[in-house]
Amino acid sequence: MKTWQELAMATAVGLVLGGAALAEGIYTPNLAYRTGPFAATGTPIMDGQKDYMALLNARDGGIGGVAINFEECETGYSTEKGVECYERTKADAVVTQPWSTGITLQVLPKTNVDKIPILAPGYGFSPMSDGAVFQWAFNPPASYWDGASMILNEISGGDPASLKGKKIVLLHLDHPFGKEPIPLLETMAKEYGFDLVLVPVGLKEMQNQSAQWLQIRRERPDFVIMWGWGAMNAAAINEAVKTKYPMDQFVGVWWAGHDADLKQVGEAGKGYRSISWSMPQPDAPIMADLKQYVYDKGNSTAEDPDSVFYQRGLVISMMLAEGIRTAQQHFDVGEITPEQLRWGLENLDISDERLAELGMTGMVPPFKTSCDNHTGHSGGWMLEWDGTRFVQSSDLLQADASFIRPLEVKAAEEYAAENQPWPINEDCK
Amino acid sequence: MLYRTAGQYKTTYRADQGLFPIKQDAFLLGLILVFAWVVFPFTATEFTFQTLLTPILIYSLAALGLNILTGYAGQLSLGTGAFMGVGAYACYKLVTLMPWMNPIIAILLSGVFSAGVGVAFGIPSLRIKGFYLAIATLAAQFFLVWLFEKWSWLYNDNASGAIQVPNLEIFGIYVSGPQAASVTQYYLVLAIVTLLTWVTINLTRGNLGRTWKATRDMDIAAELIGINLMRSKLTAFAISSYIVGVSGALFVFMWRGAAEPNLFDIPLSFRVLFIAIIGGLGSILGNYLGAILIVGLPVLLGTLPSALGIQVESALIEHLNTMIVGSLIIFFLIIEPHGLAQLWRLIREKLIIWPFPH
C-alpha cells in the first residue's frame, strides 16, 4: 500500500504540472509520433513542422513579435498516449494538432467544451469541412473526399463518366482512416457506373499483403487506388512490383506518397502516382532561409529537406502560422487565445501573393477558408515517381464539389444528431 | 512498530478468520478509501483524472476480472481485450437502441453479454488445459475483433467503423460523452469498481472461491473431493467475463469516448494480463498495484522532465520511459516472482515482527 501513498504524492506533483507547462509565447503543441510503427512516415513531417516554427522564431522573432512555443508531445500514434498529451497540453494550448484519426475522433467531440481549435491538415474526418457544425475543427487545404474525387478526375482524363464499366479497386487500411473515402467513392460509383471493389488491409496484415494482391490479380482492375499509411504503403508497392501490376494504374492518397517507400523499389516504381496538396520546391526562397537560420545553426534533425513529406510539414506549420497571424491582425493582440485562433483559421486567405511573400510559391495551391468551409478545398496535383523522386505530373486538379458538399452536410448533420446537445453556428447557414 | 499486533486478541474462530485480522489493515484500507473518495476528487486536475485516476481504476477492474479466471481458477486467458470489447459494444448498442435506459444500468447489463460470450468460449476449458486453452481464448480474441470490424450493425453502420459515445445523463447530470465532467465519471467508475471489488473479495473468500482454488491447484484432486469441475470452470469464466465486460464498457464510456475495433486487439489483452501477473495472480490488491505500475508510472515519468525543468525531446522521453518501465518490471519479477501483492505481503509480515526477525 506504500505505492498508494506514492501515488498520492505523485498526484500532488501532477497537480502542479498540469498547469505549469511553459507559458512563454504562443503555445502550439504538436502530438508527434517519432516512435512506434508509423515513425518512418511521421518523422519527416514532424521535422518540417518544427523547422518552420524554428525559422519564424529565429528570423522574425516569432509571429507578430510573439515567440512561438512549438512543443512536441510524443504519442507513438497511440490513441491512449494522444489523449494523455491532449490533457497535458490543453491548459495553455491555442491549438490541437492530433495527427491520428483515432485521436481526432476522441478529441473532436470535446472541442465544443474545451474550446480549442483542432488543426488536422489533410486528414481527419472529411465532413469537418462543414464549419457550421464543426465550429472548432479545421482540415485545410483538402479533405479525403476531395482527394478521392481528384484521383477519379485524373485517372478518367477529366471526365469521370468515361469510367463507366471500368473496375476500380480501393486498397485501404481497415481502420477509420482507410474507410474515409468509401462513402464518396460509392456515391460516385453509382453515379458514373464504375465497379468499386473494396480490398481492406487489416492492421496486422500491413506488411504482408499477398492475399490482397492475389485478389487484385484475380479481379484485374483497371485502376488501384490506395488509402494506406505507414508500413502498408511500402508493402503494397513492393507487392505491386512483384506481381507486375502496371504502375501507371496505381494511384495513392497523399499519405501514400512517401519518398522512402518508393526509393526501395527505385526504377520499378516508375509511373506510380500520388495525389497531393503540397509539392516539394527545393528552390523556393524559404528553403534558403531555412538553410541560413535553421540548418546551418545545427537546429534541425531533417534528413532530406527536399522530400515530399518534409515540405508538407513546412506547409502545415505555415497554415497554422498564417492562422495565428490573421487572428493577431484582426484582434490587434500579440498573445492570441484559442477562440481568436479559431477566427484566424476560419478566415485564412492563402493567396498566390501571400505565398510569394512567404517564399513558398508552388508548395501548396492557393485557398481560402470561411465560416462554412473549414477545408478550403484547394485542389491538388498528381505527383509521379520518376524512378528517383516525385515530380509533378498534372495541372492543378479540383474536386467535384457538387458531389462532396451534400455528403458533407449530411454526414455533419448525422454527427451532430448523434452527439446531442451539439451547438450549431446558425450565423453560417 | 506501525504494525504492532500486541493487544489484539481474538477470542472466536470467526474473529480469527475475519477479513482484517489486524486492525492496521482496516485502518490502511480506510485511509485509501478516504483518499480515493474524498481527497483525490477534490484536489485532482483534469489531467490527473484523465490520465491517472480513471484509467488506473478501469484497468484494475479488468485485471481483477482476469485474475478471477487466471489467478483463482487457474484458466489462462489471452482474450481479455476482446471480452472488454464485447462489453463496450454491448453497452453502445444498449444505449443507442434504448436511449431512455439509465447509463449505469446499461454498463452493468453489458457485462451480462460478455459473460455469455465468455462462457461460450470457456466450454473448451472442460477438455483442454494450460497453453492449449490459452490458444482457444486467443481464437476468441481474433474472432471477436474480426466481428467488431465486419458486423456493421454493431457500430450502427458508422462510415468510419468506430463507436462514438453519445452524451448521456442521469438526473440532469452528464455522465458520459464530451459534455460529462471528469469528476462525475471518476465517481461513477470508482463506485462500480468499489462495488465489484467488494463482491469479488467476498466471492473469493467464500465457497465458490475455494472451489476455484481447488480447481486451480489440482483439478483431479478437486474432482475427487466432489467438486463439479464444469460448474467451477464455467462460473469462473462467467464472473470473470462479466467483470471484464463491465470494465470494457467503462473503458469506452467513462474514459475513451470513442473506440475503433483494433483498440480491443491483443495488445490490450496482454496489457491486462501483465497487470495481473506483475500485480500478483490470485490476489485482489495486486491488480491495483499492477495497474499503478503499468498504467500510472509511465504517465508520471513522462511529466518528470518538465517538472524538473529539464528540456528533453519528447521522443527521447518516450524511449526512456519504455526502458525504465521495462526494467522495473523485470526488477520486480526478479525480486518477487509472485508479484507486487506478494511483495507487500512480505513487507507487512516483516513489519509485524519487527524488530525481532526470525
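Biologist: How many residues of chain B are in contact with chain A?

Modeller: This is a predicted model. Contact here means C-beta atoms within 7 Å. On the chain A side, 43 residues take part. On the chain B side, the number is 44.

Biologist: Which element gives the most to the side of chain B that touches chain A?

Modeller: Elements that give two or more residues are α2 (23–43), α3 (46–72), α12 (285–307) and α13 (314–335) of chain B. With eight residues, the one that gives the most is α12(B).

Biologist: How do the residues on that side of chain B divide into nonpolar, polar and charged?

Modeller: Five are charged. Polar residues number 18. The nonpolar ones come to 21.

Biologist: Is helix α3 of chain A buried or exposed?

Modeller: Take residues 79–89 of chain A. Among those that are buried are T79(A), G82(A), Y86(A) and T89(A). The count is 11 of the 11, so the helix is largely enclosed by the rest of the structure: buried.

Biologist: Which elements do the buried residues of α3(A) pack against?

Modeller: Two belong to chain A: β1 (26–30) and α4 (101–107). The others come from chain B: α3 and α12.

Biologist: Which residues touch the most other members of the largest nonpolar core?

Modeller: The core has 224 residues. Domain 1 and domain 2 of chain A each give at least three. Leaving out residues up to four places away in sequence, L250(B) touches I58(B), L61(B), I107(B), V189(B), I192(B) and W255(B). The residues that touch the most other members are L61(B) and L250(B).

Notes: Residues numbered from 1 in each chain as written. Chains lettered and ligands numbered in written order. Predicted model: local features only at pLDDT ≥ 70, side-chain atom pairs only at ≥ 80, totals over all residues. Helix = DSSP H or I, 4+ residues; strand = E, 2+ residues; numbered from the N terminus. Nonpolar A, V, L, I, M, F, W, Y, C, P; charged D, E, K, R; others polar. Core = buried A, V, L, I, M, F, W, Y, C linked by C-beta atoms within 7 Å. Buried ≥ 20, exposed ≤ 12 C-beta atoms within 10 Å, placed from the backbone. Domains from an automatic or database assignment.
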